[in-house]
Amino acid sequence: MKKFLKLTSVLAFIVLIVFVLIRIPAIQDRIAPLAMVALLSPADLPEEDSLSALVCGSASPLGATDRAQTCIMVRAGDEIYIVDIGDGANRNLGRWRIPMNKVQAVLLTHLHSDHISDLADLHLATWIPNRKSQLKVYGPQGVEFVTRGFEEAYQSDYFFRNEHHGDEVAPLHSVGFEPITIDLNKPIIIEKDGLKVTAFEVPHDPVKPALAFRFDYKGRSIVISGDTIYSENLISYSKDADVLFHEALSMNIVSMMEGFTKRSGNDLLSKILFDVQDYHTDPVDAAKAANEAGVKHLIFYHLAPAPANWLIEGMFVRGVNSIRDDWTLSDDGTMVVLPVNSEEIKISTID
Ligand SMILES: [Zn+2]
Ligand SMILES: [Zn+2]
């Protein structure tokens, strides 16, 4: 007991000394550069030649969460593509020190706000490291209205930054977007350095067209569903893919929330919670779709609602284990790496 008391007082003394020391300006100035080194160190991305994907936003608009909304960063070799860029996703990319000068293009599955709202900040984050040309944005019909709208809203910002930092840092020749409307009659939208990206339609009515993307790189493959109900088209384009990212809405939880809000007299929210159930996929149905496609690993993303604790997490994936074994419920930072010339599927979390 005496020993314990002695140890506790020594620890308390050390904490007190540290507490006092970090308030001294000279000590602060010594410590700060060490933290800055950590901030500037490059992201912990795979060095081997691989196709990989990083969840830069795992949430949907439904539910209160500090996660970012929809975003998947796909990396083929050294080149980066961003599929959807919902609220908070760009901050995640910055926090993880992703090399934004490697971003080749943004691919939008559809034009709901939770898939496009961080486009302005992604534009800035890729422009200032001296992007050589305008930011390419592939998307369905209407994509040019989105990019033009952002350009108009940020017109003054572009000029202020150019005037302040000069052409070397913020060149006007590369400011803004290059929108590319996807024509489903020509579904291969990118074919470059071993990478092939195919766009196809998924049902998310009344949003038409809503798209999904398949990435093939040197024998490895990733499919990203976008927002969809259970879809035969998605299954056929996902045939034998290594990884399928499938959106997921727990019908069990959302219908429970719908009933609760109705009983509480919040008819408007109750109606919204009813409406959203007809254009998303329950995790059990997503698992069935993954099985039918024969994909090796299934990752749930665009979670509605994004589980805030282990209780909700358990409810969210209820029944999935009886359908298939290989699946992951994503969080912001979930990363999957598929090395080329290999069958390996490595799942980890970046921070
Ligand atoms: Zn969505
Ligand atoms: Zn949507």
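Two strands are said to pair if DSSP finds at least two bridges between them. In the predicted model described here, Phe215 stands opposite Ile222 of strand S10. Strand S9 (residues 207-217) and strand S10 (residues 220-224) run antiparallel and share 5 bridges. The hairpin of S9 and S10 has 2 residues between the strands, and in it Lys218 takes a positive phi near 45°.

Strand S8 (residues 195-204) pairs with S9 in the antiparallel sense through 9 bridges, and His204 has Val207 of S9 as its bridge partner. Of the 11 residues of S9, 8 are buried, so this strand is largely enclosed by the rest of the structure.

These strands belong to an open sheet of 7 strands with mixed pairing, in the order S7-S8-S9-S10-S11-S12-S13. Strand S7 (188-192) and strand S13 (327-329) each have a single partner strand, so one side of each is left without a neighbour in the sheet. On average, neighbouring strands of the sheet are turned by 20° against each other, direction ignored. Helix H10 (residues 283-293) packs on the sheet, where it touches strand S11 (243-249), strand S12 (297-304) and S13. The direction of H10 makes about 160° with that of S11.

At the level of the whole protein, domain 1 covers 2-38 and domain 2 covers 45-349. The centres of domain 1 and domain 2, taken over C-alpha atoms, are separated by 42 Å.

Notes:
Residues are numbered from 1 along each chain as its sequence is written. Chains are lettered from A and ligands numbered from 1 in the order in which they are written. This is a predicted model: local features need pLDDT of at least 70, side-chain atom pairs count only at pLDDT 80 or more; totals for chains, interfaces and linings use all residues. Helices (H or I, at least four residues) and strands (E, at least two) are DSSP runs, numbered from the N terminus. Axes are lines fitted to C-alpha atoms, for helices over the stretch in contact, and angles run from 0 to 180 degrees between N-to-C directions. Two residues are in contact if their C-beta atoms, placed from the backbone, lie within 7 Å. Domain bounds come from an automatic or database domain assignment. A residue is buried if 20 or more other C-beta atoms lie within 10 Å of its own, exposed if 12 or fewer, and partly exposed in between; C-beta atoms are placed from the backbone.
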